[in-house]
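Work through the following exercises with the model open. Each one is followed by a worked solution.

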Amino acid sequence: MFDPRLLRSFIAVVDAGSFTLAAERLHSTQSTVSQQLARLEEATGAILIERSARPVLPTAVGERLLGYARRLLALQQEAQAALGDTAGVASIRIGVPEDIMNPAMAAVFADFAAGHPGIRLDVVSGLSRDLNRRYRAGDFDIAVVKDYEPGVDCRAAFREPMAWYESADAPSEWPNPIPLVTFPPGGLYRDVMFERIEREQRRWYVAFSGSSLSNVLVAVEAGLGVSLLPVGTARKHRLRPYPPLGTEAAIAVSLYAWEGDGPASELVALMQAVLAARFV
């Protein structure tokens, strides 16, 4: 099935004859419109727009799709009006890392949902690399993602300090090899941990691999090993810095959104305010 957002961008480009004008009409960015059209072309397996033409024109396949696209959007609007879905006729899909889904962020989502009964929020928590992949694939409308550097298309980015921690009750000296508490393969912090410990020429082994930040924190608190953690999160637990390894470069916490207008942009602004307060 074709994503209505992608069809809407395709129609706007054809009608405007320009990516720039289409972005203005959609209250979006040229980069976002280009990405959405590329995703639609990938879904159809065909080039839909002749980009070298001035003004840009639909290809033969694009012309065939155009009529269907207009009818699909019109039918969607008719169905929404006819059904009068009291649970929300529109949805905003959001992906956030586990530690970003704190009480302040949850309150933003709850207040927004209460104030917009016609919109249904679908919030998913997970690991940043998976969230980023799913956002790029169109699974989310808004995403907060942690990475080494922010993407060029992010709406806002903040720096999160990182440091090595051990249990507040840890022994004065760890055995050799030193036990590590990590995320599973693919976890952002895991690679940094291994690179650093190898650079220090320390012998090590993975004592615990957790699927979420909460169980990684529990394992470190219990004394299963040392780990690399966000400073702001670690402060709330029975942990202490592990001086032999100290700190690491800060991680970028970036906010992304496909839409630049309407209720989604309002929600993005509220989420940005929560992140700004967290990283002051």
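**Exercise 1.** Which residue lies over the face of Tyr-256, and at what distance from the ring centre?

*Solution.* The structure is a predicted model, in which local features need pLDDT of at least 70, side-chain atom pairs count only at pLDDT 80 or more, and totals for chains, interfaces and linings use all residues. Residues are numbered from 1 along each chain as its sequence is written, and side-chain values use heavy atoms, with hydrogens and water left out. Apply the criterion: a charge sits over a ring if NZ of Lys or CZ of Arg is within 6 Å of the ring centre and within 35 degrees of the ring normal. Arg-136 lies over the face of Tyr-256, 4.9 Å from the ring centre. Arg-39 is placed over the face of Trp-258, at 4.8 Å from the ring centre.

**Exercise 2.** Find the aromatic cluster that contains Tyr-256, and classify the pair Tyr-135 and Trp-258.

*Solution.* Step one is the search: rings of Phe, Tyr and Trp (its six-membered ring) pair if their centres lie within 6.5 Å, with planes under 30 degrees apart stacked, over 60 edge-to-face and the rest tilted. Five aromatic pairs turn up in the whole structure. For Tyr-135 and Trp-258 the centres are 4.8 Å apart and the planes at 20°, so this pair is stacked. The partners are 123 residues apart: Tyr-135 is in helix 6 (residues 128–136), Trp-258 in the loop between strand 11 (247–257) and helix 10 (262–278). Helices (H or I, at least four residues) and strands (E, at least two) are DSSP runs, numbered from the N terminus. Step two is the cluster, which consists of Tyr-135, Tyr-256 and Trp-258. Step three is burial (buried is under 20% relative accessible area, exposed over 50%, partly exposed in between; 1.4 Å probe, protein chains only). Tyr-135 is buried at 1% relative accessibility, and Trp-258 is buried at 4%.

**Exercise 3.** How are the rings of Phe-158 and Phe-279 arranged, and which parts does the pair tie together?

*Solution.* With centres 6.0 Å apart and planes at 20°, the two rings are stacked. Phe-158 belongs to strand 6 (residues 156–167) and Phe-279 to the segment after helix 10, so the pair ties together parts 121 residues apart in sequence. Phe-158 has a relative accessible area of 16% and is buried; Phe-279, at 19%, also counts as buried.
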